[in-house]
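Subject: Structure for your review

Dear colleague,

Please find below the structure that I am handing over to you. My findings follow directly after it.

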Amino acid sequence: MNTNVPAFIQAINDSAVGEWMRHSLKAMPIVEAAHVLAIATVFGTILIVDLRLLGFAGMQRNYRVLSREMLPKTWIAFVAAVITGLLMFAPNAITYYGNTAFRLKMLGLVLAGLNMAAFHLLTERSSGWNGDAKAPTAGRVAAVMSILLWLAIIFLGRWIGFTKGYDFSVPENVEFEF
Amino acid sequence: MFGFANWLGSTALSQAIQSALWLTPLLQGIHIVMIGIVFVSVLMIVLRIHGRVRADEPFVQTWKRFAPWLWSALCVMAVTGIILSIGEPVRQASALSFWLKMSLIVIAVLSVLGLRRAVARVAGPTIPASTRFAATVVLLVWIAIIFLGRAIAYDVEVWGALSLHQA
């Protein structure tokens, strides 16, 4: 029992799912690969929308048509990423909770969510943009923020696997499998 | 093969890649970002063949939009992949997943080009069911490549005795 972590982190760590993931040999590579597939789809579909906002690609199509087509795919992939992410988190919840890269990644996800919400609720509704040509300035800023945040989320995600609970100061006697 | 991998692992270049602790996660990060571009480009091409996206435009327009991104990102993946492999040649050579992945990449690239040719031959607006089925298979091959890529790090767990890792 570790007293430095919140009860819900401890509960996730001790859950049946966590226990199963700790002891199943084949589950982890499959779940990790599914996570890569999910995050790749999230990033790729968001990139299509962001590049359209910036006016870099897909300009022959109206933004509203394009985003209506892409966003459902983004959300399906995001839900898959959350489920597979939780499956990876559960077996080592306490270690991940204290990991700097993990915390920064969660912060990145919150910021990406806020950026998206501000764009959809404020910019998209109030700017009067009809979706032709490139987006107004606020929309292009949101697109740049979105690309940078998702890149940071992907890199931090890979960093978690390398630093585990040690944040790069790995003790001599610990062997890592990447 | 193992002789070559052992030699490669002992070269100064390989040693330099291994000793820069930050380099491997950085390259893998770039590799994953590129998976996003490659996979979603293939996904869009396949979904267009099924008429599920961009049905309002001709296929060739979808192809022109995504094919350059697909090939460019694939080139970046080849570069990051080669540097990563030079850093860990023995682990790569002894992973069954690695050899399966390399074989499937050849098949996947050729089959995407094959889809392009098949659709180009279609007269009229409807793409035949056989081509649509082939497109789904092509998508599954790309998904298999992603799974095999992650499985390289777990070769013994995934393949057991089939793994080329000496026990």
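**How the two chains meet**

Helix α3 of chain A passes α3(B) in a right-handed crossing. Please keep in mind that this is a predicted model. The axes of α3(A) and α3(B), the latter covering residues 23-49 of chain B, come within 7 Å and cross at roughly 70°. An angle from 65 to 115 degrees counts as roughly perpendicular, and the two helices α3(A) and α3(B) are therefore roughly perpendicular to each other.

Which residues meet at this crossing? From α3(A) come A:V36, A:A40, A:T41, A:F43, A:G44, A:T45, A:L47 and A:I48, and facing them in α3(B) are B:I32, B:V33, B:I35, B:G36, B:I37, B:F39 and B:V40. By type, the residues of this contact are 11 nonpolar and 4 polar, with no charged ones.

A further helix of chain A also packs on α3(B). The axes of α7(A) and α3(B) are 9 Å apart, at an angle of about 135°, which makes α7(A) oblique to α3(B). This crossing, too, is right-handed. On the side of α7(A), the contact is made by A:L151, A:I154, A:F155, A:R158, A:W159 and A:F162, and on the side of α3(B) by B:P25, B:Q28, B:G29, B:I32 and B:V33. These residues divide into 8 nonpolar, 2 polar and 1 charged.

**The contact as a whole**

Taken together, 27 residues of chain A and 22 residues of chain B take part in the contact. On the side of chain A, the elements that give two or more residues are α3 (27-54) and α7 (137-163). The largest share, 13 residues, comes from α3(A). The side of chain A that touches chain B consists of 18 nonpolar, 4 polar and 5 charged residues.

Chain A has 7 helices and 0 strands. Of its 178 residues, 35% are buried. Among the contacts in chain A with a separation of 6 or more, 76% join residues 24 or more positions apart.

The largest nonpolar core has 83 residues, and A:F43, B:V38 and B:V42 have the most contacts inside it. A:F43 also belongs to the residues of α3(A) that meet α3(B). Leaving aside residues up to four places away in sequence, B:V42 touches B:L70, B:V112, B:L139 and B:W142.

Yours sincerely

Key
Residues numbered from 1 in each chain as written. Chains lettered and ligands numbered in written order. Predicted model: local features only at pLDDT ≥ 70, side-chain atom pairs only at ≥ 80, totals over all residues. Contact = placed C-beta atoms within 7 Å. Helix = DSSP H or I, 4+ residues; strand = E, 2+ residues; numbered from the N terminus. Nonpolar A, V, L, I, M, F, W, Y, C, P; charged D, E, K, R; others polar. Buried ≥ 20, exposed ≤ 12 C-beta atoms within 10 Å, placed from the backbone. Axes fitted to C-alpha atoms, helices over the stretch in contact; angles between N-to-C directions. Parallel < 35°, antiparallel > 145°, perpendicular 65-115°, else oblique. Left-handed = near helix turned anticlockwise from the far one by under 90°. Core = buried A, V, L, I, M, F, W, Y, C linked by C-beta atoms within 7 Å.
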